[in-house]
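Let's take a look at how this protein is put together. Keep the structure open while you read, and try to find each part as it comes up.

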Amino acid sequence: MGAETDRPRSRIVGGLALVLAAGSGLYGTGFWLTHDPGPPAEAFGPAAEVIRRGHQAGDLIVLAPFFATRAREHLGDLRPVSPRDPLNEDLGPHPRVWVLGLFGAAEKLRPGFLQVGLQLEESLTPSPGIVVDRYRNLRSEEVVYDFTARLADARVFHEKDGARVPCNKWELAAGPGERGKWVCPYDSEWFYVGPEWHFMDYEQRYCLWAHPPSQGRLLIEYPRVPLTGRLTGRAGHTLNGSVRAKAPIDFDVTIGEALPQRFTLPLEELWRPVGLITPTTGTTTVSFAVSTSNAGINHFCFDLDVRREASP
Amino acid sequence: MKLKTGHLVLLLAAAYFVILWVTAPTVGYTRDEGYYFKAAEEYAGWWGVLFSSRFFEAFSDAEIRRFFSYNTEHPPLVKLTQGITFHVLSEWLGLAKPAQGFRATGFLFGGLSMIATYLLGRDLVGKGVGVLAALLVATMPRYFYDAHLACFDVPITAMWTFSLWAFHRALIAPPERANRAAIVAGLVFGLGLATKLNVLFLPAVFVFLWWVAPPTPIRFALATGPSGGRDLRLPQVPRVLVACALIGPLVLIAVWPWLWHDTFLRIGQYIGFHLHHEHYPILYLGRLWVEPPFPWSFPVVMTWYTAPSPLVWLGALGFLVGLLRLLFRRSLSDALLLAATFIPIFLIAMPNTPIFGGVKHWYNALPTLSILAARTAFEAVQAFRSTDTQRRPAYALISALMLGPGIMGSIHSHPNGIGYYNELAGGFRGGAELGMQRGFWGGLAYPLYPDFGTRLPPQQTRVFFNRTNYDAYRMYRREGVFPAPISYANEPKQSQVSVIFEQPEHAEKASETWGLFGTRPISGVYQDNVTLVQLYREGASSQPP
């Protein structure tokens, strides 16, 4: 058949092609022959055991890098996190932080963690390829009031046109642990407030589901909240909500008689910090109001608490 | 020598079939396969009517509806062939489990795609280039994965390439062979139409090739007609274009009994389905995309990160060289290679084209990209070695270098090749770091299922299979993959066991599972310690191990 004869005579192109073929061929073959697949399955048991033995209430376990989460099979009940950027975690409530790292991830995190106030207390290599670091958090804070855990104390309303409809049906959720939610009298499949797991900024987070209503606002009031200096935490759109919803959410936080502080969360806000300075004494009513101009698929979740600096 | 190279390619294609046959049983059944298993088996039932005393009834709309009304959004050639391979290999000869019987069609087309690439490469450049290009296609890890499946993407790559080869052959045929070559091209194009939608875009390539290298000059002219008036004189359209336009659709209709009644309505429905195809979510460079406009860079970047790097680098260089030759020399072979590589990628790059299968939807660009890469490598050798004796070992060496990463990547990624990322990305880990989709279609969970016997209680258990769809589940059941009594649950809340895939677009199922069962997976599927799938069980997942 008609094989064409327009062969290049250019040695420049030919030389470049040879370099590319040899370079990419050798590199590619070498890559697959020598790349590190990481520790085998049996290496995780001993590493997890180190953490489980030393684990105390309030400790945070970070699995790094974020995509290597096999250790959940051993530590999942302790709720480890595996965020894309562990330095962006809310470390305040955790007096100690454990890192179970593969592929050098634990070592890479050290400078950043030191900068945010963590002090490396111990580093172990319990199995080949797995590093376990334990940090003390020098800037840890004591959680005085956890709004997610204290939902049963809250009163929930749908405020619309100056009227308040109470969402006062308390339903227990299926699954392990005692969890309940306040359900509104209509659209109950999504119109409720309850602690749930949601995918916030590419990480499963335990937070308060609070879907904004189509009209008006969803109001969650917590009476007698102790004030100790800081009300803080995170809030955002679930991933699916962020890519399908059409409007930002207005999240109003009101402490006592003060004017509400509005946090407007555009759809790209997947898990942003939310914080307010509060008085350091007394108790008051704290309320959260959630509203939007378009409620369709506007899946919103927050996890806030009242904190004070931990005593040394 | 000609015979020897041809035999070598046949041998390589047969070896590819055997390798796919041997390695397929560890590859889980994907979402689409579930549909095609079902369709192929239903379609095959029609043969039973055709070869019976009810022969004439087989042509009635009622009988055709009975057997062909499922999955009418795809033409039937592959499904009909799957039905045949299933019946022959699984039912009659007992050589294979049912899914393997259906999948054998994919293996066959995998081998055919090598032959087609060789033929095209041989005709456009030379035999050596054809052989290397065929091997480059076969050893691309994602392609190798897809060649295991009872799906259409590898078959359409074969038929697209055969169509290009037959068209080119007919376009340059001497007059005495032009008619025959044109008819063959029309038939092959028709079989391509009967394979998958992609071939509908080939006429654009064909017309472009005619424009680049017309057998007779393309001239529009005004001439005096028989009546003395001025007539517009059109250029002579090549016979092969006419053949493709006439024979192609007829073959499609002939092969697809569904079109034998209400032909135009049903063709319209078929095309209409694809014009309004839903958009599937895709994780791309750390962002979840669910609706248009999708980034134009998607197919380019994905090719960059999922084709072995020698194919990427030399293919890109070959494309540039080809472009210069097309511009300055109006070379037909370059026109064909460039157009057939560019169009499939361009179509997916358009912001409103649904992205719903990762890289497989432009696999038909691979054979010509591979030919470009192989040609670039061989011409490089020719630039530095003047005699055949000097060139042969250099050809062998450069071929080995170019094939190494693909072969190693295919071996390493099997059976999880759907989540393969190349050495430029940093492998599976690199893909995850980059924020790319780690997998989809539900096949990756397969290694968990035979373990159900040791992980689940002996009594009936309801399992939320998540991305493993019901038809794939049925096939697992049919083949006795589940050692424990299992039933299929549509939602985590209806189940006692939940399979969670690392797909952020379905992360709410993981959220629901964590709430219902707890946060500790009891097992999982990992590649290079990158999490692909994890399994949760009521009770156990809320407790320490």
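This is a predicted model: local features need pLDDT of at least 70, side-chain atom pairs count only at pLDDT 80 or more; totals for chains, interfaces and linings use all residues.

If you want to find the two parts, domain 1 of chain B is made of 2–215 + 242–412, while domain 2 covers 443–542. Their C-alpha centres lie 34 Å apart. At the meeting place, 23 residues of domain 1 of chain B are in contact with 15 residues of domain 2 of chain B.

## A sheet in chain B

Now for some strands. Chain B has an open sheet of five, running in the order E6-E5-E7-E9-E8, with mixed pairing. Strands E6 (486–489) and E8 (523–527) of chain B stand at the edges with a single partner strand each, so one side of each has no neighbour in the sheet. On average, neighbouring strands here are turned by 20 degrees against each other, direction ignored.

Zoom in on strand E5 (residues 461–464) of chain B: E5 pairs with E6(B) in the parallel sense, over four bridges. Here you'll find Thr461(B) opposite Ile486(B) in E6(B).

## The nonpolar cores

The largest nonpolar core has 195 residues, and Leu100(A) and Tyr449(B) touch the most other members. Among the residues that Tyr449(B) touches are Phe465(B), Tyr476(B) and Phe482(B).

There's also a second, separate core of 34 residues, including Leu227(A), Ala235(A), Phe251(A) and Val274(A).

Key:
Residues are numbered from 1 along each chain as its sequence is written. Chains are lettered from A and ligands numbered from 1 in the order in which they are written. Side-chain values use heavy atoms; hydrogens and water are left out. A nonpolar core is a set of buried Ala, Val, Leu, Ile, Met, Phe, Trp, Tyr and Cys residues joined through side-chain atoms within 4.5 Å. Buried means under 20% relative accessible area, exposed over 50%, partly exposed in between (1.4 Å probe, protein chains only). Contact means heavy atoms within 4.5 Å. Two strands pair if DSSP finds at least two bridges between them. Helices (H or I, at least four residues) and strands (E, at least two) are DSSP runs, numbered from the N terminus. Axes are lines fitted to C-alpha atoms, for helices over the stretch in contact, and angles run from 0 to 180 degrees between N-to-C directions. Domain bounds come from an automatic or database domain assignment. Lists of a residue's contacts leave out its neighbours within four places in sequence.
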